[in-house]
Amino acid sequence: MRYLVFASLSCLFLLSGCFTDEPKPSKKYNSQFPTESFIRKHLMTNKSLIQTDITNRDHEFLSESLGLYFLFLVQQKREDEFAQQVDVLKHYFLDDSNLVSWRLEQSDDTITQSPANAWIDDARIVHALYQAADVFDERSYADLAKRIAEPLTTYAVKDGLPVDYINRSTNETGDVLTLSYLDESALRLMSSSNDLYENSKKLLENAPLSEPFFAKSYSIPEKTYQFDDEINMIDQLYVALRYEQFGLSTNSFYMFFKDAFNQGPVFGRYDRVTKERIVDYESQAVYALAVFYLLERDEREFAEEVMARLQSSMVSDSSSEYFGGYLDISTKETHSFDNLLPLLAEGGLENGYLIP
């Protein structure tokens, strides 16, 4: 019954400017990062929303994309652009519950919210807002971060652990915690009276390994960890990054990744038992996450090698319409995640990094 707070929300799913006036279009400027120029030219709409791709998901906008761009703008100390994206957050993604809709969908001039959030996306936004409050000396960002963190540390918790999502239309909460969601930076910044930080750290400390691989998730009702038979390296690097954030060892996984990179390339998926690759593709997100992971391990030289491998897949022809983008030019296949993470990693190597 504690979720009845969501039942009377106004402006819940169909948006018509519930919180603020519609954000103004982003100002044009020349970025020092070609990838950002690609994002702003091909993925950012005239409403300053970042679409998921440029083909069949160009009508979809994810809170994940917003949070990653938040972190980049804070990292680069770009105050005006950050403030403009905060307006996007408040106008399109937030509602009276202070949860962030994980997905928006546009049909003609109507933008509709998903009724569910994603804990990691909300947490990433909280992290960025608190950082922005310090960097830009703007108290209102800390106040907004606190508002978003409140349901994350109360309604979105079961047995002292975060849950992946809340569905506001059904009042349903998830029973699973994806281990990569345990963003230590965000948890440390959130005010919590239920030992959320310590419980999260213990969950990782107690997790079994299928060496060198990490468990993917934890079932809260069953108190069991789950492994995928097909290991997704994006998931693994995110979990490895969380372990390092909490000061926990990842040496076995590090050796696997280092060997895979030296033998080249690192593939997107591996068999958990045989440790052999099961796909032929590489992933820009894998290499970008590896940069953050290696920086957390104080392996800067190795991180720079990985960054060079990552950038070799960027469109490097400055005469191309898609210069700076991470996409297949022949099919136009790309994803906002595969551009924003490399952008954040590149900025992090140059100016100091914020963990995504």
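# A walk through the model

Start by selecting E350, which you'll find in helix 12 (residues 337-351). Before moving on, know that this is a predicted model, where local features need pLDDT of at least 70, side-chain atom pairs count only at pLDDT 80 or more, and totals for chains, interfaces and linings use all residues. Residues are numbered from 1 along each chain as its sequence is written, and side-chain values use heavy atoms, with hydrogens and water left out. Helices (H or I, at least four residues) and strands (E, at least two) are DSSP runs, numbered from the N terminus.

**Stop 1: around E350**

E350 is partly exposed, at 48% relative accessible area. That scale calls a residue buried under 20%, exposed over 50%, and partly exposed in between, using a 1.4 Å probe and protein chains only. Which residues does E350 touch, once neighbours within four places in sequence are left aside? Select Q32 and F33 to see them; contact here means heavy atoms within 4.5 Å. Now draw a line from E350 to I278: the two are 72 residues apart in sequence, and their C-alpha atoms are 34 Å apart in space.

**Stop 2: Q51 in its loop**

Jump to Q51, in the loop between helix 1 (34-43) and strand 1 (60-62). Is Q51 buried or exposed? With a relative accessible area of 11%, Q51 is buried. Its side chain reaches the backbone oxygen of D53 at 2.9 Å. This is a polar contact, meaning a pair of N or O atoms within 3.5 Å; within protein, one must be able to donate a hydrogen and the other to accept it, and residues adjacent in sequence count only if both atoms are side-chain atoms. Show the surroundings too: beyond its neighbours within four places in sequence, Q51 is in contact with several residues, among them H42, R57, F61 and S336.

**Stop 3: salt bridges**

How many salt bridges does a search of the whole structure find? The count is 19, where a salt bridge is a side-chain nitrogen of Lys or Arg within 4 Å of a carboxyl oxygen of Asp or Glu.

Select R78 and E36, whose side chains meet in a salt bridge at 2.4 Å, N to O. R78 sits in the loop between helix 2 (63-75) and helix 3 (79-93) while E36 is in helix 1, so this pair ties together parts that are 42 residues apart in sequence. Both R78 and E36 are buried.

Next, pick D143 and R139, joined by a salt bridge at 3.2 Å, N to O. They are 4 residues apart in helix 5 (residues 139-152), about one helical turn. D143 is partly exposed at 37% relative accessible area, whereas R139 is exposed at 61%.

Then try E282 and R309, a salt bridge whose closest N and O atoms are 2.7 Å apart. E282 lies in the loop between strand 14 (269-271) and helix 10 (284-296), and R309 in helix 11 (residues 300-311), so the pair ties together parts that are 27 residues apart in sequence. E282 is partly exposed at 31%, and R309 is partly exposed at 29%. Finish by selecting R57, E60, R103 and E105, which salt bridges with shared partners join into one network.

**Stop 4: strands**

Colour strand 2 (residues 103-107) and strand 3 (residues 110-113). They pair in the antiparallel sense over 4 bridges; two strands pair if DSSP finds at least two bridges between them. S107 has T110 of strand 3 as its bridge partner. In this hairpin, with 2 residues between the strands, D108 takes a positive phi near 55 degrees. Strand 3 has a covered face, I111 and Q113, and an uncovered one, T110 and T112.

Now find the open sheet of 3 strands, in the order 8-11-12 with antiparallel pairing. Strand 8 (176-178) and strand 12 (224-226) stand at the edges with a single partner strand each, so one side of each has no neighbour in the sheet. Strand 8 is joined to strand 11 (residues 217-219) by 3 bridges, and T178 stands opposite S217.

**Stop 5: aromatic rings**

The structure holds 18 aromatic pairs. Rings of Phe, Tyr and Trp (its six-membered ring) pair if their centres lie within 6.5 Å; planes under 30 degrees apart count as stacked, over 60 as edge-to-face and the rest as tilted. Select F257 and F261: their ring centres are 6.3 Å apart and their planes at 20 degrees, so the pair is stacked. Both lie in helix 9 (residues 251-263), 4 residues apart, and both are buried.
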